[in-house]
Amino acid sequence: MRSKKIIKLKHLIYCSKPTCFDFETIKSILTTSRENNSRTGLTGSLIYRSDLYFQFLEGPPGAVTDTYEKIKLDTRHSEIQKIREEITDRRLFASWAMREDSVSTWMWTREEVKSGILKRIKPHQALATFERLSRGADQFIHTGES
Ligand SMILES: Cc1cc2nc3c(=O)[nH]c(=O)nc-3n(C[C@H](O)[C@H](O)[C@H](O)COP(=O)(O)O)c2cc1C
């Protein structure tokens, strides 16, 4: 009997602060991300607002690590802080080479971000944010199809 090959995945969550924030910058980050991620097998979500980036990367462990190393060198953001890095067996954003999300009303106000809420967020709370986001995406897709 052939044994089933279990492919390990990793997810990584970090937050950072944009150094420049405009439409062109976001467009350029997302275009490069989607091209590269489709090639390397990464998926995920990038939450952004002028005062924050909050990103969820998932995929083969080596690809997640290499991409995060590149992201850390990017001068379009600063104060990069890793929040969570875990081996996992499932993807939250399987059909998104990099989904883009603006900050939802249930996330954080500018005042909260300014006072450092993301620097204090617990790893499980960060994951819960993206789990909620991914569930919302699925609900939206189902609504659209019915
Ligand atoms: C907030 C932010 C998120 C990014 N996310 C990704 C990503 O998911 N994948 C990726 O390949 N590059 C991402 N980048 C871009 C990388 O920092 C880097 O510019 C890019 O990987 C270089 O690609 P290249 O080696 O093809 O030139 C991101 C950059 C920023 C500022």
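These legends describe close-up views of one predicted protein model.

Residues are numbered from 1 along each chain as its sequence is written. Because the model is predicted, local features need pLDDT of at least 70 and side-chain atom pairs count only at pLDDT 80 or more, while totals for chains, interfaces and linings use all residues.

**View 1. The whole chain and its confidence.**
The protein has five helices and five strands. Helices (H or I, at least four residues) and strands (E, at least two) are DSSP runs, numbered from the N terminus. Along the sequence the pattern reads β-α-β-β-α-β-β-α-α-α. Of the 146 residues, 24% count as buried. A residue is buried if 20 or more other C-beta atoms lie within 10 Å of its own, exposed if 12 or fewer, and partly exposed in between, with C-beta atoms placed from the backbone. Among contacts with a separation of 6 or more, 80% come from residues 24 or more positions apart. Two residues are in contact if their C-beta atoms, placed from the backbone, lie within 7 Å. Mean pLDDT is 91, and 89% of the residues score at least 70. pLDDT is the predictor's confidence in each residue, from 0 to 100.

**View 2. The stretch 138-146.**
Over residues 138-146, pLDDT stays under 50. The model gives this stretch zero contacts beyond four places in sequence. Where pLDDT is low, the predicted coordinates should not be read in detail.

**View 3. Helix H1, residues 23-40.**
The 18 residues of H1 should span 26 Å at 1.5 Å a residue, and the end C-alpha atoms are 25 Å apart, which agrees. The expected span of a helix is 1.5 Å times one less than its number of residues. Which residues of H1 are buried? They are Ile 29, Ser 33 and Asn 37. Seen down the axis of H1, the buried residues fall within an arc of 45 degrees, so they line one face of the helix. The arc is that of the directions from the helix axis to the C-beta atoms. These buried residues pack against strand E2 (43-49). On the face turned away from the buried side sit exposed residues, including Phe 23, Lys 27, Thr 31, Glu 35 and Arg 39. After H1 comes Gly 41, with a positive phi near 85 degrees.

**View 4. The shell around the ligand.**
How many residues surround the ligand? There are 16, and the closest are Ser 33, Asn 36, Tyr 53, Lys 70 and Asp 74. A residue is near a molecule or strand if its C-beta atom, placed from the backbone, lies within 6 Å of it. H1, strand E3 (52-59) and helix H2 (61-72) are the elements that give two or more residues to this shell. H1 gives the most, with five residues. The shell divides into six nonpolar, seven polar and three charged residues. Ala, Val, Leu, Ile, Met, Phe, Trp, Tyr, Cys and Pro count as nonpolar; Asp, Glu, Lys and Arg count as charged; the others, Gly among them, count as polar.

**View 5. Ser 78 and Glu 79 in strand E4.**
Ser 78 lies in strand E4. Is Ser 78 buried or exposed? Ser 78 is exposed, because 10 other C-beta atoms lie within 10 Å. Leaving aside neighbours within four places in sequence, Ser 78 is in contact with Ser 16, Lys 17 and Thr 19. Glu 79 is partly exposed, with 13 other C-beta atoms within 10 Å. Phi of Glu 79 is positive, near 55 degrees. Most residues other than glycine have a negative phi.

**View 6. Ile 83 and Glu 85 in strand E4.**
Ile 83 is found in E4, residues 77-88. Ile 83 is partly exposed, as 19 other C-beta atoms lie within 10 Å. Beyond four places in sequence, Ile 83 is in contact with Ile 13, Tyr 14, Cys 15, Ile 121, Pro 123 and Ala 126. Tyr 14 is 69 residues away along the chain, yet the C-alpha atoms of Ile 83 and Tyr 14 are separated by 5.1 Å. Glu 85 is partly exposed, with 16 other C-beta atoms within 10 Å. Neighbours within four places aside, Glu 85 is in contact with Lys 10 and Leu 12. The C-alpha atoms of Glu 85 and Pro 123, 38 residues apart along the chain, are separated by 8.6 Å.
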